[in-house]
Each structure stands twice: as structure tokens, then as C-alpha cells.
Amino acid sequence: MSSISITLPDGSSQQVPQGSRPIDIARSISPRLADDAVVARVNGDLYDLTRPFESDATLQILTSKNPEALEVYRHSTAHLLALAVLQLFPETKLGIGPPTEAGFYYDFQRETAFTPEDLEKIEAKMWELQALALPYERRMSPKAEGLMKYEAMGEKMKCELIEEKAGDVFTEYTLGPTFIDFCRGPHVPDTTRIKAFKLLSIAGAYWKGDEKNHQMQRIYGTAFFSKKEQDEYLKRLEEAKKRDHRKLGQELDLFSIQELAGPGLIFFHPKGGTIRKILEDWMRDQYIARCYSLVYTPHIARADLWKTSGHYNFYADNMFKRMELDDAEYQLKPMNCPFHILIYADKMHSYRDLPVRLGELGTVYRYERSGVMHGLLRVRGFTQDDAHIFCTPDQIEDEVVNCLEFAVDTLKTFGFEKYEAELSTWDGGASGKYDGTTEQWERAENALAKAASRLNLKVKVMKDEAAFYGPKIDMKLVDAIGRLWQLSTVQFDFTLPRRFNLEYIGEDGKAHQPVMCHRALYGSIERFFGILIEHYAGAFPVWLAPVQAIVLPITDRQTEYAKQVRDQLKAAGIRVTVDDRNEKVNLKIRDAQMQKIPYMLVLGDRETENGTVSVRNRKHADQGVKPLAEFLVDIQKLIDSKAPSE
């Protein structure tokens with residue numbers, strides 16, 4: 001029998017018979033390794049453990065310690081979900097079922113809506129099937145033959161996917177004797193490898209994410225390598241529900257989305273408006289301190305502007321429809337950058353003027369589909385802390401460093417100590433969806449990488465995720481319960497300066513083209529506000545709290561003194577109110593606690609007589625009686641230091 005050579009990660013080689021599989025080699029190394037194995041990497045590609053080697057190869061066995069293995073594990077669980085659904089509801093037709101960052105989902109087409117009770121039945125059926133050790137087996141099918149097969153099964157959506165994605169021969173996977181799915185794979189060897197999963201929810205979705213297509217029912221689930229990991233995740237999920245900014249936004253009267261006005265449009269209520277003002281004032285003050293010039297630009301412009309910028313073609317799906325006006329077609333702006341470019345281009349610049357840093361809190365409008373909007377986090381109208389820096393090629397690295405330092409300072413100021421960074425690059429020009437030359441992209445990507453290195457900022461490279469006009473560095477913060485949030489972005493742009501023929505006069509007296517850096521540190525006011533709500537569970541630090549203190553007279557006898565206390569605190573700049581309702585003080589305390597007000601100042605006859613306040617803290621309860629002046633010093637220190645908690 002002929003043999004093939006398999007090279008292992010340690011550099012050693014094994015001669016194995018043809019027909020050998022990665023699982024066989026794992027078993028020969030260690031039975032434990034074979035038990036822990038999830039998937040293989042063969043010649044750099046993910047590979048089923050039970051798929052025979054086809055030639056000499058390099059091999060790596062992936063276990064639960066490898067992130068890629070978890071994706072395969074969850075994808076396999078999605079197939080198990082699909083099999084369970086078909087056994088319980090055979091009339092159902094299949095869409096797609098990919099793994100996700102938090103688990104997996106599968107889209108189904110069925111006239112009758114799934115119910116929460118159905119989810120329980122489906123999950124029970126999944127466990128029943130899991131115990132049968134059903135193998136995931138890879139098959140190859142000629143395209144014409146496969147189309148006939150899926151058409152005979154009534155799986156029109158699968159036929160559509162095969163027409164679009166399959167070559168002359170495509171892969172599919174069976175699960176047990178009856179289930180087959182058009183799928184690239186790979187998968188775990190059999191269902192007993194799946195140790196922990198949970199179905200979570202049902203949602204609506206459009207086929208292929210296009211609202212013009214028919215609606216599907218999406219079942220979400222999660223899966224982990226152990227029940228302990230899953231239980232920890234579900235616990236975090238419950239905590240996340242308590243922190244949901246949509247729920248807290250309503251309970252704390254911060255913002256609303258009005259049905260009459262339309263989805264994705266945010267109404268800031270007085271308390272939310274107070275926090276928004278703090279966010280905006282802080283950022284504008286930082287602009288001035290860091291030598292940015294403040295600008296203000298319109299919300300709408302002629303469509304010709306977006307044609308020049310490239311958004312008209314590259315970003316059309318995310319823009320609102322054009323409006324026919326007297327002189328031309330106009331569009332709501334999805335970006336501020338072309339407006340800042342026009343300001344720069346309004347006069348000639350010398351190299352001595354550069355860098356020019358233009359900053360704005362500018363509201364933009366993007367056409368988000370109804371299925372993806374989510375409270376403050378994904379909206380149609382939002383305000384970006386947007387800035388654009390025009391500089392010489394020699395200055396760009398320093399400017400990116402400054403932007404990244406600014407981003408880190410922003411995160412720390414608002415109480416975020418942990419963060420991650422990602423460098424998004426292009427695809428080398430293969431797709432045609434990126435503007436610019438190879439030389440420009442290499443120079444830009446190198447500048448961003450060097451800037452991150454100067455700050456000892458570790459970046460994860462995200463291939464093919466750049467903006468169409470240049471690479472970018474994204475900062476992702478880690479919140480109080482360990483979730484990652486996309487936030488600050490610093491983007492290199494060599495395309496728009498060329499499109500708008502931007503120039504500066506160099507030391508040689510000749511015209512040169514500047515390079516450009518886009519940066520938004522909050523991302524958007526709305527999104528950042530939503531993240532803050534969830535990070536602090538609505539209990540904002542004193543400097544951010546819309547109401548920092550509330551005065552609670554015990555009886556009507558203290559009402560006049562309560563107003564004097566309020567007025568003195570207001571004069572010192574403290575955001576304070578009085579609850580002089582004819583209610584018991586315990587009820588007033590409970591209501592203030594529910595509104596997450598940092599300090600409650602309880603006033604009785606003794607406090608009124610002595611000019612003191614009985615201080616109660618939302619977190620630490622009774623703090624004792626203090627002279628008002630002493631309390632004022634204490635709270636002012638917390639505000640001035642921007643302490644994350646009192």
C-alpha cells in the first residue's frame with residue numbers, strides 16, 4: 001500500500017497509509033488529543049478530522065483552545081438545529097445557518113410562526129439527536145446533479161445559493177440518514193462532540209438580508225465546549241438584559257424613539273439631553289486644547305458632491321434617496337468628510353499651515369434597514385464627533401499617533417480601562433471595491449502599523465475590512481461585563497484628496513497633494529451614550545449623572561430649607577432637584593434610588609435647625625450628617641476628578 005508524508009507542527013514527519021485521516025494521526029499521538037480534537041488545519045485550510053488526506057500535507061490538530069475550532073463547533077450545532085426542526089416540522093424550508101461571534105443561528109421559511117414552546121421542543125429534540133452520535137459526512141456533488149436533487153426536495157433557497165456560489169462540483173454535508181445541506185464545512189466528526197448548547201430566541205429576518213425578499217424566521221442559539229462556559233455566558237447575558245440601554249433609557253427617562261417620526265431617529269429627553277451636552281462640551285474643549293479648529297456644516301448637499309467623493313457609487317446602498325429640488329438633485333449627508341474637504345479647499349494652503357485639523361459634531365443620515373436598527377446603537381440619524389486632518393505625507397504618522405492617544409484618553413476619561421485595537425486592510429485589489437493604487441495602500445497600512453507600534457498598541461489585522469478609500473484602526477472598548485464594543489476609528493485616506501484635487505504649496509514652491517486622516521472617537525454620540533448606559537447600568541458617575549443630588553424634606557416644615565439647600569448647590573454648579581411631594585421619606589428615597597441619583601440629602605427638623613444635611617449615597621447608603629459646605633466640597637472633588645464611582 002502506498003503512503004503519504006504528514007508534517008506535524010513540531011517539524012517531525014510521519015509516513016502514513018493513503019486513506020489515513022487527521023483523527024487517526026491525533027489518536028496515534030495521544031488518545032486524549034483525539035478526544036479533544038475538533039477540526040484539523042491541513043496545508044493552511046480547515047479540514048474535517050474524518051476526511052482522508054489526499055496527498056502529502058502539513059497538519060495541525062485544533063482543539064477547544066483554538067478560536068477557529070469554536071466556529072466549526074457552532075456551525076455543526078446549527079446543522080443539528082436544522083435537523084431537529086425538519087424532524088419536528090417537516091414542511092419547513094432551509095435558509096442559511098452560520099456560526100456567529102456569540103453562537104449560531106439558522107433561518108427557516110415556514111408559514112406558521114415558531115413559538116417559545118416550539119423552541120423548548122426543538123432543543124429537546126437536538127439533545128435526543130446528539131445522543132445518537134450522528135456523523136457529519138462530507139460529500140461532493142456535481143452542480144447540475146445537486147440542483148436537481150435540491151429542487152426535488154423543494155429547497156428552492158438552496159438551489160439559489162448553489163447557482164450563485166457553487167462551482168462545477170460543490171461540497172455538502174449529511175447528518176444522519178436523512179439530512180443533507182449545501183455547505184462548505186468543515187464540521188465536527190459526530191454529534192456527541194457537541195457538549196453544551198442553548199436555544200435563545202426567535203427573530204424575523206429577510207432572505208439574504210434584503211428587505212425586498214421574503215421573510216424568514218431566525219432561531220438564535222449559543223454553544224460552548226463546556227456547560228460551565230455556557231452557564232457563565234448565560235449569566236452574562238442575563239446581566240446584559242438588566243443593562244439594556246433601551247429598557248433603562250425608558251425607565252430613567254433619557255431618550256425615546258417616536259413611532260410617528262419613524263424608526264432609527266432618537267429623541268433626547270431633558271435628562272438625556274444633559275448627558276449629551278456633557279459629552280459634546282468635553283469633546284469640543286478637547287478639540288480646542290489639541291489644536292483642532294471647530295467647524296459647522298450643512299445636513300444636505302447636491303448629489304454631485306457625493307459623485308466627486310465616490311460615496312455616490314461606493315456607498316449608495318447606505319444613503320437616503322435623492323431629492324429633486326429646483327436646481328439639482330440633493331442628498332442627506334452620510335458623512336461629514338466631503339464638507340470638511342470643501343472648507344480646506346476654499347483657500348490655498350502652504351506647508352507651513354499644515355497640519356490643518358477640522359473638527360465637528362456633525363449629524364449624518366444613513367439608510368439602515370429595519371431589521372438591523374437597535375436602540376441607540378444602530379440608528380438612521382446620528383451625530384459624529386468627526387474630525388479630518390490634512391497634512392503632508394511626512395506628518396501622517398505623527399498625526400495618527402496623536403489620534404490614537406486622543407482615543408485612549410477618551411476611553412479612560414469615561415471609565416473604560418480595557419480596550420483592543422484592529423487594523424483593517426484591503427484585499428490587495430482583487431475585488432475592485434477599493435480605490436487607490438497598491439503603492440498607496442502599502443504606504444498607508446505601514447503608517448498605521450508604525451503609529452500603533454510607537455504606542456505599544458497591539459493590533460489585530462482584519463483583512464478585507466478597510467474603508468473603500470483607505471485602511472483604518474478601530475478601537476474596541478471592554479465594558480463592565482466583558483463585552484467588546486466598536487468605538488473609535490482612525491482612518492487613512494489618500495483617495496479623497498485626489499478626487500477633490502486638494503493641494504498645498506511645498507517648500508519647493510510647487511503644488512503637492514496632502515494626505516488626510518479621518519477620526520471619530522465616540523463613534524457617534526448616540527452609540528457612545530448607549531454604551532455608557534449599559535456599562536454603568538444607568539448609574540452614571542457623579543460628573544455624568546443628569547441629576548447629581550436630590551433634596552428630600554421629611555415634612556412640609558423643611559420645604560423652605562430644602563429650597564435654600566437646592567439654591568446653594570445650584571449656585572455651585574451642582575445639578576440638583578427637590579422632591580417636596582407629600583409622601584413618606586422612605587418612598588422618596590426608594591424613588592430616588594430607582595432613578596439612580598448619586599446623592600440623597602434628607603432634611604428633618606434637626607438638619608434645618610443646624611444648617612446640615614443627612615447624606616445618603618445610592619451605593620453606600622447612609623453617610624451621616626454633614627454641614628452643607630462639607631458635602632459640597634466632597635461632591636465637587638468627585639465631579640472635578642471625573643471619578644468613575646462615588
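The model is predicted: local features need pLDDT of at least 70 and side-chain atom pairs pLDDT 80 or more, while totals for chains, interfaces and linings use all residues. Residues are numbered from 1 along each chain as its sequence is written, and side-chain values use heavy atoms, without hydrogens and water.

With a disulfide taken as two cysteine sulfur atoms within 2.5 Å, the count is zero. Cys183 is in no disulfide, and the nearest cysteine sulfur, in Cys159, is 16 Å away from its own. Cys183 is buried, with a relative accessibility of 7%.

Cys183 leads on to a pocket. Together with His75, Pro99, Arg184 and Gly185, Cys183 lies nearest the centre of the second largest pocket, which has 30 lining residues. The volume of this pocket is about 840 Å³. (A pocket is an open set of points on a 1 Å grid where a 1.4 Å probe fits, with protein on both sides within 12 Å along at least five of seven lines; lining residues have an atom within 4 Å of a point.) Helix H3 gives the largest share of the lining, five residues. At least two residues each come from H3, strand S4 (45-47), helix H6 (156-165), strand S9 (169-175) and strand S10 (179-182) (DSSP runs, at least four residues of H or I for a helix and at least two of E for a strand).

H3, residues 67-88, also lies across strands S6, S7, S11 and S12 (215-224), at about 30° to S7. Those four strands make an open, antiparallel sheet in the order S6-S7-S12-S11. At its edges are S6 (93-94) and S11 (196-206), each pairing on one side only; pairing takes at least two DSSP bridges. Two bridges join S6 to S7 (residues 104-109) in the antiparallel sense, and Leu94 stands opposite Phe108 in S7.

Elsewhere, Gln14 sits in strand S2, residues 13-17. Gln14 is partly exposed, at 24% relative accessible area. Leaving out residues up to four places away in sequence, Gln14 touches Ile4, Ser5, Ile6, Leu8, Ile25, Ser28 and Ile29 (heavy atoms within 4.5 Å). From Gln14 to Asp508 there are 494 residues in sequence and 65 Å in space, C-alpha to C-alpha.

Methods:
Axes are lines fitted to C-alpha atoms, for helices over the stretch in contact, and angles run from 0 to 180 degrees between N-to-C directions. Buried means under 20% relative accessible area, exposed over 50%, partly exposed in between (1.4 Å probe, protein chains only). Grid points are joined across faces, edges and corners, and a volume is the space filled by probe spheres set on the points.
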